[in-house]
Amino acid sequence: MDISLIENILFAMVRTGTPLLLVALGAMMSERSGVLNLGQEGMILVGAACGFIAAYAGGSLGLGVLAAVAAGVAVSLVFAFIALTLISNQVATGLALTIFGTGLSAFLGAAYVGQTVTGFAPVAIPFLSDIPLIGTALFAQDLLVYLSFVLFAAVFVVMRYTRLGLIIRAVGENPDVAHALGYKVLLVRYCAVMFGGAMAGLAGAYLSLAYTPMWAEGIAAGRGWIALALVVFASWRTERILLGAWLFGFASILHLLLQGYGYEISPNLLAMLPYVVTILVLVMMMYRQQNQGLFAPRSLGQPYHPPK
Amino acid sequence: MALLMPQLVNKKNLRRLLGITTAALLSISASVFADPLKVGFVYVSPIGDAGWTYQHDEARKIVEKEFGDKIETTYVESVAEGADAERVIRNMASRGYDLIFTTSFGYMNPTIKVAKMFPKVKFEHATGYKTAANVGNYQARDYEGRFLAGMVAGAMTKKNVIGYVGAFPIPEVIRGINSFMLGAQAVNPDVKMKVVWVNTWHDPAKEREAAESLVLQGADVLTMHTDSAAVIQAAEAKGIYSVGFNSDMSAYGPKTHLTSSTQHWESIYSAKIKAVLAGTWKPEAIWHGLKENVVSLSPFNPVVPAAIAEKVNAYKAEIIAGTRAVYQGPIYDQAGTLKVAEGKSLSDEELHQQNWYVKGIDGKIPQ
């Protein structure tokens, strides 16, 4: 293997991992606040469709990204209202959101199938992109990939070093105590879910405006589910989400590359891998939970009834 | 009425009464008015601006124009294969449609099932292999278009490596790969081909990654057998040539898209509608190609030299005239075994069952 091949693989790995990273960061934030939103796939799709439509009709990629984020937030608000205000079952609501988002995006995007926009092109950062091996992978990507780095750093800092991060975690661990301390549990959860919606919408924009600048029904192709698995895989830790997203990206690139070099791995086996990993992690988590500490936010997925 | 005859007009009777009235009305309307022939189409994906379903809908519009008020058409798009398809087809049949075209492979069993319930309705199913008393099937000889498109690709590659993104290793896709390769070899004996399987019909991002992995392996002309135009886009971004499929995909690669192998269903739809109108319809399995103009090539990119275009057109004329077959022996497989002897060609049945690669293609077919 020569250097340029490795550079190419790393480049593709970061690009493939980006939508997963964005969605997983958002999902993690919402889960850290105690809300399990299985509607990621639906939110990505609505974001991708709205982003593409806005960019196509408005002639501006920036507008497209804004529309995608706004659409993601709007759809997540539907979820938040039903799951948090009306206190419905979060799992069922999330699944319904995915089905709803899939249908809505297909409906909205129907007239735009087959249209094209000029998507985000890679922008090489001078000097940094010349670093051997990792330069192109990290510093010759498009703007949305750079944005994903910034957002990663922001989430990392917020969760680890700020009071806000502590509040979010407190709400997710023990909402009653957080409430007793005077924090508005529902408000925090609403915000976390909306942040998740924004990130999923952004991931949608990445798919329909940067990765493959087109709208096609079902363009998310299961990435929402992989991102949800990724959050578990990363045991709700920001830095592990980054590694996990790139690892998943690497695995899917590798599968395509290996074929070309004559290695045979059953594609079904590789397709299974993320789910196998998730099951393994869940098993591990249960084991640890029974023995000592735990990874998952303690009130994850549990309905919260604010005291009257 | 309900007040006068409460004992007669219970729920059950009312329903029966309604049923009789509706049936009577329907039979009156059927006999008194010369209704237009009602023709229904079931599509697997949104119509959009390009692709498999788009081509079917273009054909629907053409026959609608051709027959004017003699027919009335409708369509349902984005119908998932399986149970949903059965519901949609049954609904169409029960609403009095006389001829129903179901345009995806996965509609085969639902079509046969519904056809049994509606023996008077005629059904035509695309790309399947089953027929019944009131079900015919029709297909396009895509591979003839693939062969011609392969000639263009073979002539335009500089590195002599063609990249092919495949969905699933099934005979239909393998046939396309082999045909494309045979076409490329007809103009360029040194050409090689690499195939990458993505194991999905539709994941644009994955199709794009597959395309780029082929570029990494040295391919400088790309084509695919998947649903989206992501491969064409990827080629345009990399500045290398591409060949499309289903419909003209030049919009996705204005500079680099060479041509697309396309399908045009109107001749089949027109013939079937005529037959039903004349009362001569019978179930049959038809497989039409270049000759019937069901398969064609989209206009060439100006970068394709005139000499190549001429050669492709000459081969096209020979295939149409029946003096040349796409699978004309001698053809060897990867191991060098003679698959088609000199002077022979493959029968339709053998064409349907391909599970081997022709010589010159890299890699193995995943099992």
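My entries follow, and they concern a predicted model.

**Entry: α1 and α11 of chain A.** I began with helix α1 (residues 3–32) of chain A and helix α11 (residues 238–260) of chain A. Their axes are 7 Å apart, and the packing angle is about 140 degrees. That makes α1(A) oblique to α11(A). I noted the crossing of α1(A) and α11(A) as right-handed. Next I listed who meets whom. On the α1(A) side I found, among them, A:Ile9, A:Met13, A:Leu20, A:Ala24 and A:Met28. On the α11(A) side I found residues including A:Ile241, A:Trp246, A:Phe250 and A:Leu257. I sorted the residues of this α1(A)–α11(A) contact into 17 nonpolar, five polar and no charged.

**Entry: α2 and α9 of chain A.** I moved on to helix α2 (residues 40–58) of chain A and α9(A). The two axes come within 7 Å and cross at roughly 55 degrees. That makes α2(A) oblique to α9(A). The crossing of α2(A) past α9(A) is right-handed. From α2(A), the contact takes residues including A:Met43, A:Ala48, A:Gly51 and A:Phe52. From α9(A), A:Gly197, A:Ala200, A:Gly204 and A:Leu207 are among them.

**Entry: the core.** Which residues touch the most other members of the largest nonpolar core? I found A:Ala24, A:Ala48, A:Leu230 and A:Val231, in a core of 192 residues. Helix α9 (residues 185–211) of chain A gives the largest share of this core, 17 residues. I then followed A:Val231. Leaving out residues up to four places away in sequence, A:Val231 touches A:Ala24, A:Ala27, A:Met28, A:Glu31, A:Trp236 and A:Ile241.

**Entry: A:Arg160.** I found A:Arg160 in helix α6 (residues 143–161) of chain A. Is A:Arg160 buried or exposed? A:Arg160 has 12 other C-beta atoms within 10 Å, so I marked A:Arg160 as exposed. I also checked A:Arg160 against A:Leu25. They are 135 residues apart in sequence and 14 Å apart in space, C-alpha to C-alpha.

**Entry: where the chains touch.** I counted 33 residues from chain B and 30 residues from chain A in the contact. On chain B, β7 (192–197), α7 (204–216) and α8 (230–238) each supply at least two residues of the side that touches chain A. The largest share of that side, 10 residues, comes from α7(B).

Conventions: Residues numbered from 1 in each chain as written. Chains lettered and ligands numbered in written order. Predicted model: local features only at pLDDT ≥ 70, side-chain atom pairs only at ≥ 80, totals over all residues. Axes fitted to C-alpha atoms, helices over the stretch in contact; angles between N-to-C directions. Helix = DSSP H or I, 4+ residues; strand = E, 2+ residues; numbered from the N terminus. Parallel < 35°, antiparallel > 145°, perpendicular 65-115°, else oblique. Left-handed = near helix turned anticlockwise from the far one by under 90°. Contact = placed C-beta atoms within 7 Å. Nonpolar A, V, L, I, M, F, W, Y, C, P; charged D, E, K, R; others polar. Core = buried A, V, L, I, M, F, W, Y, C linked by C-beta atoms within 7 Å. Buried ≥ 20, exposed ≤ 12 C-beta atoms within 10 Å, placed from the backbone.
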